Structures are given as structure tokens and as C-alpha cells.
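This report considers a set of side-chain and strand contacts. Please consult the sequence and the structure shown below.

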Amino acid sequence: MEAIDWTAEGEHCVSLLAELLRIPTVNRGTGEEGDGGETPAAEFLADFLRDAGVEPRLFAKKKGRACLVARVKGTGERPPILLNAHLDVVEADASGWDHPPFGGEIHDGYLWGRGAIDMKNMAAMSACVMALLARNASSAGGAGKLDRDVIFAAVADEEAGCADGSLFLVDEHPDQVRAEYTLGEVGGFSLHLMGRTFYPIQVAEKGVCWVRATFEGNPGHGSLPDPNSALLRMAHAVSKLGRTRLPMHPSPPVTTFLRALASRLPLPHRGALSLLAVPAVAGAILDHLVRDADQRRTFGALLSNTATPTIVRAGSKINVIPGRASVDIDGRILPGQTEASFLDELGAVLGSDATLEVLRSLPPIETTETHPLFDHLAGTIRHHAPDAVPIPFVIPGFTDAKAYARLGSTCYGFSPVQLDPTHREVVFSRMYHGHNERIPVSGLRWGLRVLYEAVASFCRRKNGMDAG
């Protein structure tokens, strides 16, 4: 690698992310014009890239919801690689935060703000990577020249299903984002477990099936309670759903993840973790042997389809028993499962009273860990964290990879960040959509260098060796 002042570049990245965090791009999922408001953030990144010699383009399906696409051109010997980040964030209740969620402030070594982990950090790192690649593309002797284009997409609307962001680009501007490989969110972060440090790299993600369950009943006067009202039957069904674990389906990518994790843990944890891949005993192990609540929720979400009630609707007047009640359910489908199989499982829990309407559906996606790029990403992490154990990972959520996979791109979750194991309250999974989202400044700087070196070395041939 060419000489780079990583102290200075790290400071640039921290400052860039702080500014992005101060731009509120809250996606409330209404679909109305202006919801999300990602355009100011996209324009801010566009100015940064232009100053670095990279000319960006902005595309918008709706007013105020711009997506940015920029490209550092290589020789074209090999197809492009795409770096993706979404600019929208979920809502933040400031009353639950220790520091302002849109302040972009540094406290106790952490940069605080909604989007610090999900995922304006990747936007800042990717923009800085593009600036560095452009600067070094014509270095002495051509050593900095890339043999494939590197594309950066900073998109809108991921938090509400990608329709106005990555899916819009894929459907209406496919040549702008067509790439052999995509690196996106949820991967490359440090996971500290039983004295070992793992670095999950996402190879698969669950599908989405957002469902509205509606219950009908007789309307009536609120002074005459009706135990069979639509609202109470819905409440009973929702309560049952909350107590019920859907059937276990340990898919091949999840089994691979569990085995890789278990192989580095001491007994008896190794044996218990391996048995999570056995449906007959997985539930008992989760309930009685996995004591950490965050780990229990995570492993549980990887072993079965899930259905989480999130929005309830019933009635409009306090003294009227409503004749209709509905609940919106966030369903997530494992690789190997289908929308139809999930609906069968959900219907069995809610009962025949519920009428199910699919609001949005996106399929699971998966790639393989037996690939030169996966090995390259894992090797880059090990170079910068010698004790690290990179492992293939399946995420229970969804990402923009669902869009880029439609173009045939091989997608990995790789937005590296190093977390401090002594700060037990800063758990990666808790930072997503939770209070007090923040990223360690040192971990962000580390992630910038890892991302840059992973991309730059993969896109160059050195000493006659093909990087991938």
C-alpha cells in the first residue's frame, strides 16, 4: 500500500460522519413526499467527493429523496465492485438519549448520533475510500491503478424497504450500480464472546414479509363490554404470538455460522452451540443454556422465521367498541423458507379469526463463504486484528443487498468497526434502532483503514497475482 497518513485520514472520516449525523434523515415509512429527506445528506457527500476529484451523480424517485452514485474508474479489466450505504435513519426519541441524537457530538471516545452504526458510518468510510482511491489512482509507476471500477452508492429509503433507494436504482438506473460484488452493512464488526473476538461477515440475510392481520366483530357501546369483540380477540392472538416460537429451520448458512462459532469456543459451550442446529433440542438450549438475553434473541431469530407485532389499529372513539381491529406484523423469513410457508406458520398461531394481508415481501438472499473475496476480506481483518476470527454470518434483518442481488451481484456485509470489549453496554446489536447509538472514534478510524485496504488491494494486481 502507498504511504497514507492514517491519523489525518481518520480525522477526516470522523468529521465527515459527525456532519452526516447532524443532518436528520428520518424515514418514518409513510411513503409521503419528503419523508426521509436524504437529499441534503447526498448533496453534502457530493460536495465532499467533488473536492476530492470524484464527480458524483444524484438520482431521485421522489422529491427530497436523492441517491448518490459515484465512480472511480479502473482499467476495466474486471467488473466493478460496489460500496453501498443508506442515508436514511429511523426515528430517535431524544428523551431516552444521554446526548442529542442529531448532535454528532463526541463524548468519552464515542461519536454519538442516530446513524452512527446504522449506517452513516459506512457512508463516511466509503466516501473517504473513494477520495483515497482517486488520489492514488495515478501514483508513481501506476501502482495505484485499479483494474476494476469502484462504485459508491449512498441511497435513500433502506429503512422502509428500499423502494425509493436501491430498488429504484436497480430498476431504473441499473448500469449505474451494476457490479460483480457489493459490500454493504452488517459485517466486519467485532463480536466479543467468551474471551474470543469474532468478526462476522454477512453471507446471507432473512427475507421480509410484512403482514396485516385483521379481526372482525360486532361494534357496540363501550358501556356494555363484549368479551368476543374484535379488539379483544386480536389482543389474545397477539399475546399468543408473543409467547410462541415458530418452528425451527436451521438453514445451511446458519448451520455453517454456528459451527464456525462453536469451533473456537471452549467446552461445554462448543457442544451446546453446535446443538442449536438440531431443531429437536434447539429450543431447550436457548431457553435454559443461553443466559445472555441479547444472544438468546439473536440466535433465536436465526433459527426460525419470526413474527413481531409492531402497529395496532382499532377504533376512533372512546365509547364505541370497534367492529374491526388490525395488527401489523414484521415477519422475517429464513433462507430456504418461503412467503407461503411463513404465512402458514403465522396463521396457525393467530387462528382462523385472522385475515392476513401481505403488505410487502422481499425474498431471503444468500451467497457463499467459499469465495476469493470472502477470503480476502477475512485476511484483511486478520492483518489488522491478529487474534480475530472472521466467520460467515446470517443477519435477521434485511439490507440493500436485496436490490443488488437482482443484478447478479455477490453481496457481503462488510462495514468494519472495532468495538471495545471493556464497554459491555456498547453491543453492536443494541446500537441498531436503539437509544444512545454511538460508534467508538478509534473503531471508526480502524474501520476506514480496513475497508480501504480491502478494496484497494482487491482491485489491483500486484507482482502478477490476481487479487480475486
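## Charges over rings

The charged end of Arg-438 is placed over the ring of Tyr-110, 5.6 Å from its centre. A charge sits over a ring if NZ of Lys or CZ of Arg is within 6 Å of the ring centre and within 35 degrees of the ring normal. The ring of Phe-458 likewise has the charged end of Arg-78 over it, at 5.8 Å from the ring centre.

The model is predicted: local features need pLDDT of at least 70 and side-chain atom pairs count only at pLDDT 80 or more, whereas totals for chains, interfaces and linings use all residues. Residues are numbered from 1 along each chain as its sequence is written, and side-chain values use heavy atoms, with hydrogens and water left out.

## Aromatic pairs

Seven aromatic pairs are found in a search of the whole structure. Rings of Phe, Tyr and Trp (its six-membered ring) pair if their centres lie within 6.5 Å; planes under 30 degrees apart count as stacked, over 60 as edge-to-face and the rest as tilted. One of the pairs is that of Tyr-181 and Phe-458, which is edge-to-face because the ring centres are 5.5 Å apart and the planes stand at 75°. This pair links distant parts of the chain, with Tyr-181 in strand β7 (residues 181-184) and Phe-458 in helix α15 (residues 441-458), 277 residues apart. Helices (H or I, at least four residues) and strands (E, at least two) are DSSP runs, numbered from the N terminus. Tyr-181 counts as buried at 3% relative accessibility, and Phe-458 does so at 0%; buried means under 20% relative accessible area, exposed over 50%, and partly exposed in between (1.4 Å probe, protein chains only).

The rings of Phe-257 and Phe-393 also form an edge-to-face pair, since their centres are 5.2 Å apart and their planes are at 65°. Phe-257 belongs to helix α7 (residues 252-262) and Phe-393 to strand β17 (residues 389-395), so the pair ties together parts 136 residues apart in sequence. Both Phe-257 and Phe-393 are buried, and together with Phe-189 they form one aromatic cluster.

## Strands β7 and β18

Strands β7 and β18 run parallel and are joined by four bridges; two strands pair if DSSP finds at least two bridges between them. Leu-183 stands opposite Tyr-412 in β18. From strand β18 (residues 410-413), Thr-410 and Tyr-412 point one way and Cys-411 and Gly-413 the other way, and all are buried.
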